[in-house]
Amino acid sequence: MSTRWKPNVTVAAIIEREGRFMLVEEHTSEGLRLNNPAGHLDCGETPEQACAREALEETAHAFTPSALVGVYLSRVPRVATGEDITYLRFAFSGELGAFDATRPLDEGIVRTLWMTPEEVRGSAARHRSPLVLRCIEDHLAGQRFPLSLIHADVELAT
């Protein structure tokens, strides 16, 4: 019997302030990379909840998703590990909240950066995946969908 294939479900916060985007610099199996604040959906949480949690864990800032920027499917072969991973990413724009200076960043996160769109485009070789730039470009193009587009069954948290 073969194993059933499942994509890795991830979430990403597309955070813009004064024309700059917040990215995280993180250690990966491919070396030091740039990414949107992002991570995996955990059991029992909605994509919006996961996005708020991951943004807090990776940036020490509260984040409240207000719109869905897009849903993305991406296949990423990892040269260093030989893995062939498919990601299903939900990207959200929203409101950046308070910074908690006492909160440590997630393991592997080196720092947060604020970059202009030109700087993000110019650093594409350092992106964790092509979705980093794609989500920012979609945000810049004004792509926003209501959060009600995502339905989470009430039984999810039980």
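## Helix α1

In this predicted model, α1 has 13 residues, which at 1.5 Å a residue should span 18 Å; its end C-alpha atoms are 18 Å apart, in agreement with that expectation. The expected span of a helix is 1.5 Å times one less than its number of residues. Helices (H or I, at least four residues) and strands (E, at least two) are DSSP runs, numbered from the N terminus.

Ten of the 13 residues of α1 are buried, so the helix is largely enclosed by the rest of the structure. Buried means under 20% relative accessible area, exposed over 50%, and partly exposed in between (1.4 Å probe, protein chains only). Among the buried residues of α1 are Pro-47, Cys-51 and Thr-59, as well as the charged residues Glu-48, Arg-53, Glu-54, Glu-57 and Glu-58. The cover over these buried residues includes β1 (8-14), β3, β5 (38-40), β6, β7 (84-99) and β8 (109-115), where contact means heavy atoms within 4.5 Å.

## Positive phi at two non-glycine residues

Ala-60 follows α1 and lies in the loop between α1 (47-59) and β6 (61-77). Although Ala-60 is not a glycine, its phi is positive, at about 65 degrees. Ala-60 is buried, with a relative accessible area of 1%.

Glu-18, also not a glycine, has a positive phi of about 55 degrees. This residue belongs to the loop between β2 (16-17) and β3 (20-28). Glu-18 counts as exposed because its relative accessibility is 80%.

## The largest pocket

The largest pocket has a volume of about 370 Å³. Its lining comprises 22 residues, of which Asn-35, Ala-38, Gly-39, His-40 and Arg-128 lie nearest the centre. Two or more lining residues come from each of β1, β3, β5, α1, β6 and β7. The greatest contribution is that of β5, with three residues.

By class, the lining has five nonpolar, nine polar and eight charged residues. Ala, Val, Leu, Ile, Met, Phe, Trp, Tyr, Cys and Pro count as nonpolar, Asp, Glu, Lys and Arg as charged, and the others, Gly among them, as polar. On a 1 Å grid over the protein atoms alone, a pocket is an open set of points with protein on both sides within 12 Å along at least five of seven lines, and lining residues have an atom within 4 Å of a point. Grid points are joined across faces, edges and corners, and a volume is the space filled by probe spheres (1.4 Å probe) set on the points.

## Basis of the values

Residues are numbered from 1 along each chain as its sequence is written, and side-chain values use heavy atoms, without hydrogens or water. Because the model is predicted, local features need pLDDT of at least 70 and side-chain atom pairs count only at pLDDT 80 or more, while totals for chains, interfaces and linings use all residues.
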